[in-house]
Amino acid sequence: MDLGDRVLVERNGVSYEGVLMPPIRADRVVIKLKNGYNIGLRAKEGEIKLIEKGQEIEPPLLEHHLRKKPGLPDVSILSTGGTIASRVDYRTGAVSSQFSAERIISAIPELEEIANYRAHVIYQVLSENMRTEYWTSLARSVAEEIRSGAEGVIITHGTDTMTYTAAALSFMLKTPVPVVLVGSQRSSDRPSSDAPMNAICAATVAISDIAEVCVVMHGTTSDDYCTIHRGTRARKMHTSRRDAFQSINQHPLGRIDYLSREVETYLPYRRRGEVELELKERLEPKCALVKYTPGSSPDILHYYIEKGYRGIVLEGTGLGHVSSDWIEGIVRAREEDIPVVITSQCLRGRICDRVYDTGRDMLDAGAIEGSDMLPEVALVKLMWVLANNPAEVGPVMKTSLAEEISPFTPITV
């Protein structure tokens, strides 16, 4: 028997049918069950039976030729990879990016009821391999699609770093049409995949009046609605749940009912056509996000200064604190024109370094309060500000550019 074969394993009177996967241990058999989950079994010789060979299990994917339907809006799909564009590789058992944008549409035919599509693969990477130069090329591609007449843009993306990309695009683009990032927690070949519903809801937002960069993902673990998160407020809050994404320090922009495809909004938003397209794609890549932990050495801060980093975001405790022995490093950074922005590892709530002595000393040393920005959003914003407005880093970092800062922080769950 070979990897990818469909097999039957009988153990203690129970039968397990599935696809043979690479073993994790020599004394175990791993099979992918019909429900999409893997199970490891200690199986003896004779307890595994071949049902069918692997080449019959996964027929080759056919290229899908997109046909234009009159009366539907034009939407561009830009594929960057991620789980939504992935399937299981039965040679290794790993999930890898293999789907093109055309194949995503082919796998989800309901998409063609919503819009006409142009589809392009920008790059095919799992999101942990995302880089700042990829954000730049993606922003340019989005702008080009809008200039070419796209009435909305969908970006398929891995969920692990989607927050960073959504924030980057929010600062790099002023868009007159919706720009929607969408992904999935489970690959498209799994019965429990969230990819079809997420993609359909994303397409619905892409033809809506919400002309902002946003993230559309499952709102609950059921297939009932998706939530629309502003690009600078979305965060992945669970490793594997289908409703992993939440809006932090701001309520979601809205939701899309899956069955009716009705869009309900909760907050004011920029409407279609309100602004002209503007692209400022430059970023300063030499910025760092540093998480402070009790007892950690101030040498960490000095390391980044000595390595030539141009900006630092500190993820402090509570209201935004680091140990008092780190303050010397903040002073040194200020003297070398390296801005240090303070955020909180609490995530919810806002920075206030005026309550305790340490916080006031940090401000005197030159630290910039990050208000209620997420740490990763502050990092991307700092990259953008240093590349586009380096003379006014402090004031611009404290000014809301893409709704990343609120005048007051609501209670969100």
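1. Helices here are DSSP runs of H or I with at least four residues, and strands are E runs of at least two, numbered from the N terminus. On that count, the chain has nine helices and 23 strands. Keep in mind that this is a predicted model.

2. Some whole-chain numbers to start with. The chain has 413 residues, and 53% of them count as buried. If you take contacts between residues at least 6 apart in sequence, 70% of them join residues at least 24 apart.

3. Now for the sheet. Five strands make up an open sheet, running β4-β3-β2-β1-β5 with antiparallel pairing. At its edges sit β4 (38-41) and β5 (48-52), each of which pairs on one side only. From one strand to the next, the twist averages 45°.

4. A closer look at one pairing in that sheet: β3 (residues 29-33) runs antiparallel to β4, and four bridges link the two.

5. You'll find Ser170 in helix α3, which spans residues 162-172. Is Ser170 buried or exposed? Its relative accessible area is 12%, and buried means under 20%, so Ser170 is buried.

6. What does the side chain of Ser170 reach? It gets to the backbone oxygen of Ala166, at 2.7 Å. Leaving aside residues up to four places away in sequence, Ser170 also touches Val213, Gly231, Thr232 and Ala402.

Methods
Residues numbered from 1 in each chain as written. Predicted model: local features only at pLDDT ≥ 70, side-chain atom pairs only at ≥ 80, totals over all residues. Heavy atoms only, no water. Buried < 20%, exposed > 50% of the residue type's maximum accessible area, 1.4 Å probe, protein only. Polar contact = N/O pair within 3.5 Å; in protein donor to acceptor, adjacent residues only side chain to side chain. Contact = heavy atoms within 4.5 Å. Pairing = 2+ DSSP bridges. Axes fitted to C-alpha atoms, helices over the stretch in contact; angles between N-to-C directions.
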